[in-house]
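Here's a quick tour of one protein model, with an eye on its pocket and its aromatic rings. Have the structure open and follow along.

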Amino acid sequence: MKTYIGTKLINAKPMTRQQYNDFRGWSLPEDENGDDAGFLVEYIDGGKPNTEQYSGYVSWSPDEVFNNSYRAIDSMTFGLAVEALKKGYKAARSGWNGKGMFIFLVPGSTFNVNRPPLLGIYPEGTEINYRPHIDMKGVDGSISTWNATSNDCLAEDWMIIDD
């Protein structure tokens with residue numbers, strides 16, 4: 001088998017193995033312990049619904065497996081924040097002082113040169129490959145390119161920002 005690492009956005013709530021089996025209308029297999037702690041997990045960024053009570057695919061995860069796989073969206077690593085940016089979310093550090101500051105991914109694109117300063121570098125109409133990058137919305141509402149510091153990369157206080 002090949003080894004994988006995953007990043008999924010999920011909803012979850014604590015639920016024992018027995019409670020999950022009851023929720024699904026299933027009998028607990030004889031070789032399983034109904035008191036096992038775990039979580040009902042709803043996959044909200046992929047998978048067809050498999051129960052009428054939820055809009056995403058639902059499964060059960062044992063407590064240890066869940067806790068080794070998922071983090072709350074208000075205490076993420078920088079790597080998880082980057083994965084969230086790639087999925088179209090905005091992110092910020094809880095330690096940032098400015099209200100309304102966040103980072104977001106600007107996807108790559110192409111465009112034709114039609115104004116300075118690029119007109120001073122390329123002939124008009126030249127197609128430019130604009131590379132993907134991360135921008136930041138500042139406290140004053142301005143947008144600028146953003147580069148992570150070592151502290152940003154090692155922090156575990158990243159969070160997804162809702163609109």
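A residue counts as buried when its relative accessible area is under 20%, as exposed when that area is over 50%, and as partly exposed in between. Phe-78 comes in at 13%, so it is buried. Keep in mind that this is a predicted model.

**The largest pocket**
- The largest pocket has a volume of about 550 Å³.
- It is lined by 24 residues, and Lys-8, Ser-69, Tyr-70, Arg-71 and Leu-80 sit closest to its centre.
- Which of them gives the most to the lining? That's α2, with four residues.
- Sorted by class, the lining has 13 nonpolar residues, seven polar ones and four charged ones.

**Aromatic pairs**
- A pair of aromatic rings is described by how far apart the centres are and by the angle between the planes.
- The count for this model is 13 aromatic pairs.
- Take Tyr-20 and Phe-23: their ring centres are 6.2 Å apart and their planes meet at 40°, so this pair is tilted.
- Why are Tyr-20 and Phe-23 separated by about one helical turn? Because they are three residues apart in helix α1.
- Buried or exposed, how does Tyr-20 count? Its relative accessibility is 6%, so Tyr-20 is buried, while Phe-23, at 25%, is partly exposed.
- Phe-78 and Trp-158 also make a tilted pair, because their planes are at 45°, with the ring centres 5.4 Å apart.

**A charge over a ring**
- Lys-90 lies over the face of Phe-102, at 5.3 Å from the ring centre.

**Asn-21 in helix α1**
- Asn-21 is found in helix α1, which covers residues 17-24.
- With a relative accessibility of 6%, Asn-21 falls under the 20% cut-off, so it counts as buried.
- What does Asn-21 touch, not counting residues up to four places away in sequence? Its contacts are Trp-26, Ser-27, Leu-28 and Pro-29.

Notes. Residues are numbered from 1 along each chain as its sequence is written. This is a predicted model: local features need pLDDT of at least 70, side-chain atom pairs count only at pLDDT 80 or more; totals for chains, interfaces and linings use all residues. Side-chain values use heavy atoms; hydrogens and water are left out. On a 1 Å grid over the protein atoms alone, a cavity is a set of points where a 1.4 Å probe fits but cannot get out, and a pocket is an open set with protein on both sides within 12 Å along at least five of seven lines; lining residues have an atom within 4 Å of a point. Grid points are joined across faces, edges and corners, and a volume is the space filled by probe spheres set on the points. Helices (H or I, at least four residues) and strands (E, at least two) are DSSP runs, numbered from the N terminus. Ala, Val, Leu, Ile, Met, Phe, Trp, Tyr, Cys and Pro count as nonpolar, Asp, Glu, Lys and Arg as charged, and the others, Gly among them, as polar. Buried means under 20% relative accessible area, exposed over 50%, partly exposed in between (1.4 Å probe, protein chains only). Contact means heavy atoms within 4.5 Å. Rings of Phe, Tyr and Trp (its six-membered ring) pair if their centres lie within 6.5 Å; planes under 30 degrees apart count as stacked, over 60 as edge-to-face and the rest as tilted. A charge sits over a ring if NZ of Lys or CZ of Arg is within 6 Å of the ring centre and within 35 degrees of the ring normal.
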